[in-house]
Amino acid sequence: MENKVVRIEGLPDTVTITRTGVAFTGDLAFDKWESLLMSLSSMEVAAQWGIGDALNYGESRYGEKYTQAIELTGHTYQALANYSWVARSIPMENRNTELSWTHHRVVCKLEHAEQKKLLDEALAKQWSVDVLADVVRGTPLTDPKSSDLVNVPAG
(Lines give C-alpha, C1' and ligand atoms only; values in the text may rest on other atoms or scores of the structure.)
Protein backbone atom coordinates (compact mmCIF):
# COMPACT_ATOMS: atom_id res chain seq x y z
CA MET A 1 0.00 0.00 0.00
CA GLU A 2 1.34 3.41 -0.91
CA ASN A 3 2.08 6.17 1.57
CA LYS A 4 -0.12 8.61 -0.33
CA VAL A 5 -0.40 12.21 0.77
CA VAL A 6 -3.82 13.40 1.90
CA ARG A 7 -4.73 17.05 1.50
CA ILE A 8 -6.96 19.03 3.85
CA GLU A 9 -8.29 22.20 2.31
CA GLY A 10 -6.86 25.35 3.83
CA LEU A 11 -3.62 23.82 5.11
CA PRO A 12 -0.39 25.24 3.74
CA ASP A 13 2.05 23.13 1.76
CA THR A 14 4.26 23.06 4.85
CA VAL A 15 1.95 20.38 6.33
CA THR A 16 2.06 16.93 4.75
CA ILE A 17 -0.27 14.13 5.81
CA THR A 18 0.70 10.57 4.99
CA ARG A 19 -0.36 7.12 6.17
CA THR A 20 2.34 7.22 8.83
CA GLY A 21 1.88 10.70 10.26
CA VAL A 22 1.88 14.46 9.80
CA ALA A 23 5.08 16.28 8.89
CA PHE A 24 5.52 19.99 9.57
CA THR A 25 8.18 21.65 7.44
CA GLY A 26 7.34 25.21 8.41
CA ASP A 27 5.27 27.33 10.75
CA LEU A 28 1.54 26.76 11.10
CA ALA A 29 -0.78 29.46 12.43
CA PHE A 30 -2.74 28.55 15.55
CA ASP A 31 -6.12 28.64 13.78
CA LYS A 32 -4.77 26.30 11.06
CA TRP A 33 -3.42 23.95 13.73
CA GLU A 34 -6.88 23.88 15.39
CA SER A 35 -8.49 23.21 12.02
CA LEU A 36 -6.04 20.38 11.38
CA LEU A 37 -6.85 18.72 14.72
CA MET A 38 -10.59 18.98 14.12
CA SER A 39 -10.24 17.60 10.58
CA LEU A 40 -8.11 14.67 11.71
CA SER A 41 -10.53 13.87 14.52
CA SER A 42 -13.47 13.93 12.12
CA MET A 43 -11.60 11.73 9.64
CA GLU A 44 -10.93 9.12 12.32
CA VAL A 45 -14.65 8.40 12.86
CA ALA A 46 -15.65 9.15 9.28
CA ALA A 47 -13.25 6.46 8.07
CA GLN A 48 -15.10 3.74 9.99
CA TRP A 49 -18.46 4.85 8.59
CA GLY A 50 -17.01 5.48 5.15
CA ILE A 51 -15.36 2.08 4.86
CA GLY A 52 -18.56 0.39 6.00
CA ASP A 53 -20.72 2.35 3.54
CA ALA A 54 -18.24 1.72 0.71
CA LEU A 55 -18.16 -2.01 1.46
CA ASN A 56 -21.95 -2.17 1.42
CA TYR A 57 -22.08 -0.26 -1.86
CA GLY A 58 -19.45 -2.55 -3.36
CA GLU A 59 -21.36 -5.64 -2.35
CA SER A 60 -24.64 -4.37 -3.82
CA ARG A 61 -22.94 -3.13 -7.01
CA TYR A 62 -20.22 -5.72 -7.64
CA GLY A 63 -21.14 -8.67 -5.43
CA GLU A 64 -17.78 -8.89 -3.66
CA LYS A 65 -16.23 -6.91 -0.90
CA TYR A 66 -13.87 -8.52 1.57
CA THR A 67 -11.12 -10.04 -0.57
CA GLN A 68 -10.43 -6.79 -2.41
CA ALA A 69 -11.04 -4.62 0.65
CA ILE A 70 -8.53 -6.54 2.77
CA GLU A 71 -5.88 -6.03 0.07
CA LEU A 72 -6.76 -2.37 -0.47
CA THR A 73 -7.11 -1.26 3.15
CA GLY A 74 -4.87 -3.62 5.10
CA HIS A 75 -7.71 -4.12 7.62
CA THR A 76 -8.60 -7.56 8.92
CA TYR A 77 -11.69 -9.39 7.76
CA GLN A 78 -13.27 -8.91 11.20
CA ALA A 79 -12.68 -5.14 11.23
CA LEU A 80 -14.20 -4.80 7.76
CA ALA A 81 -17.16 -7.00 8.72
CA ASN A 82 -17.77 -4.79 11.77
CA TYR A 83 -17.63 -1.58 9.71
CA SER A 84 -20.01 -3.07 7.16
CA TRP A 85 -22.47 -4.38 9.76
CA VAL A 86 -22.66 -1.12 11.72
CA ALA A 87 -23.02 1.01 8.57
CA ARG A 88 -25.73 -1.33 7.22
CA SER A 89 -27.57 -1.41 10.57
CA ILE A 90 -27.59 2.29 11.42
CA PRO A 91 -29.33 4.52 8.87
CA MET A 92 -27.71 7.89 8.12
CA GLU A 93 -30.47 9.77 9.93
CA ASN A 94 -29.68 7.86 13.16
CA ARG A 95 -25.94 8.52 13.05
CA ASN A 96 -24.91 11.13 15.58
CA THR A 97 -21.64 12.97 15.06
CA GLU A 98 -21.38 13.74 18.77
CA LEU A 99 -21.20 10.05 19.72
CA SER A 100 -18.51 7.51 18.96
CA TRP A 101 -18.81 4.82 16.33
CA THR A 102 -18.76 2.32 19.20
CA HIS A 103 -21.88 3.91 20.73
CA HIS A 104 -23.59 3.18 17.41
CA ARG A 105 -22.27 -0.38 17.30
CA VAL A 106 -23.92 -1.04 20.66
CA VAL A 107 -27.42 -0.26 19.32
CA CYS A 108 -27.12 -2.11 15.98
CA LYS A 109 -29.46 -4.95 16.89
CA LEU A 110 -32.30 -2.60 17.84
CA GLU A 111 -35.11 -1.31 15.64
CA HIS A 112 -34.26 2.02 13.99
CA ALA A 113 -36.66 4.06 16.15
CA GLU A 114 -35.19 2.57 19.33
CA GLN A 115 -31.64 3.21 18.05
CA LYS A 116 -32.44 6.88 17.54
CA LYS A 117 -34.10 7.21 20.94
CA LEU A 118 -31.21 5.61 22.83
CA LEU A 119 -28.51 7.45 20.89
CA ASP A 120 -30.27 10.77 21.60
CA GLU A 121 -30.56 9.83 25.27
CA ALA A 122 -26.91 8.76 25.41
CA LEU A 123 -25.90 12.15 24.08
CA ALA A 124 -28.22 14.11 26.36
CA LYS A 125 -27.11 12.19 29.46
CA GLN A 126 -23.48 11.84 28.33
CA TRP A 127 -23.52 8.07 28.68
CA SER A 128 -20.33 6.14 28.14
CA VAL A 129 -20.37 3.17 25.78
CA ASP A 130 -20.56 0.87 28.81
CA VAL A 131 -23.62 2.63 30.23
CA LEU A 132 -25.36 2.54 26.85
CA ALA A 133 -24.52 -1.17 26.55
CA ASP A 134 -26.06 -1.78 29.99
CA VAL A 135 -29.24 0.00 28.90
CA VAL A 136 -29.42 -2.04 25.69
CA ARG A 137 -28.95 -5.26 27.71
CA GLY A 138 -31.71 -4.15 30.07
CA THR A 139 -29.45 -3.69 33.06
CA PRO A 140 -31.14 -1.12 35.30
CA LEU A 141 -29.23 2.09 35.82
CA THR A 142 -28.75 2.99 39.46
CA ASP A 143 -27.71 6.18 41.13
CA PRO A 144 -24.62 5.88 43.28
CA LYS A 145 -25.58 5.01 46.85
CA SER A 146 -24.01 6.79 49.73
CA SER A 147 -22.20 3.54 50.55
CA ASP A 148 -20.59 3.66 47.09
CA LEU A 149 -19.12 7.08 47.76
CA VAL A 150 -15.86 7.75 49.54
CA ASN A 151 -15.88 10.32 52.33
CA VAL A 152 -13.18 12.90 51.82
CA PRO A 153 -12.18 14.76 54.96
CA ALA A 154 -12.42 18.54 54.90
CA GLY A 155 -9.21 20.43 54.23
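Author: The model is predicted. Two packed helices are described by the angle between their axes and the distance between the axes. Here the helices are α2, residues 66–73, and α3, residues 77–89. They pack at an angle of about 110°, and their axes lie 10 Å apart. Because angles of 65 to 115 degrees count as roughly perpendicular, α2 is roughly perpendicular to α3. The crossing of α2 and α3 is right-handed.

On the side of α2, the contact is made by Tyr-66, Ala-69, Ile-70 and Thr-73. On the side of α3, Tyr-77, Leu-80, Ala-81 and Ser-84 take part. Sorted by class, the contact of α2 with α3 comprises six nonpolar and two polar residues, with no charged residues.

A further feature concerns aromatic rings. The structure holds four aromatic pairs. One of them is formed by Phe-30 and Trp-33, whose rings are 5.5 Å apart from centre to centre. The planes of these two rings stand at 35° to each other, and the pair is tilted. Both residues belong to helix α1, residues 30–62; because they are three residues apart in this helix, about one helical turn separates Phe-30 and Trp-33. Phe-30 has a relative accessibility of 56% and therefore counts as exposed. Trp-33, with a relative accessibility of 38%, counts as partly exposed.

Methods:
Residues are numbered from 1 along each chain as its sequence is written. This is a predicted model: local features need pLDDT of at least 70, side-chain atom pairs count only at pLDDT 80 or more; totals for chains, interfaces and linings use all residues. Side-chain values use heavy atoms; hydrogens and water are left out. Axes are lines fitted to C-alpha atoms, for helices over the stretch in contact, and angles run from 0 to 180 degrees between N-to-C directions. Helices (H or I, at least four residues) and strands (E, at least two) are DSSP runs, numbered from the N terminus. Angles under 35 degrees count as roughly parallel, over 145 as roughly antiparallel, 65 to 115 as roughly perpendicular and the rest as oblique. A crossing is left-handed if the near helix is turned anticlockwise from the far one by less than a right angle, and right-handed if clockwise. Contact means heavy atoms within 4.5 Å. Ala, Val, Leu, Ile, Met, Phe, Trp, Tyr, Cys and Pro count as nonpolar, Asp, Glu, Lys and Arg as charged, and the others, Gly among them, as polar. Rings of Phe, Tyr and Trp (its six-membered ring) pair if their centres lie within 6.5 Å; planes under 30 degrees apart count as stacked, over 60 as edge-to-face and the rest as tilted. Buried means under 20% relative accessible area, exposed over 50%, partly exposed in between (1.4 Å probe, protein chains only).
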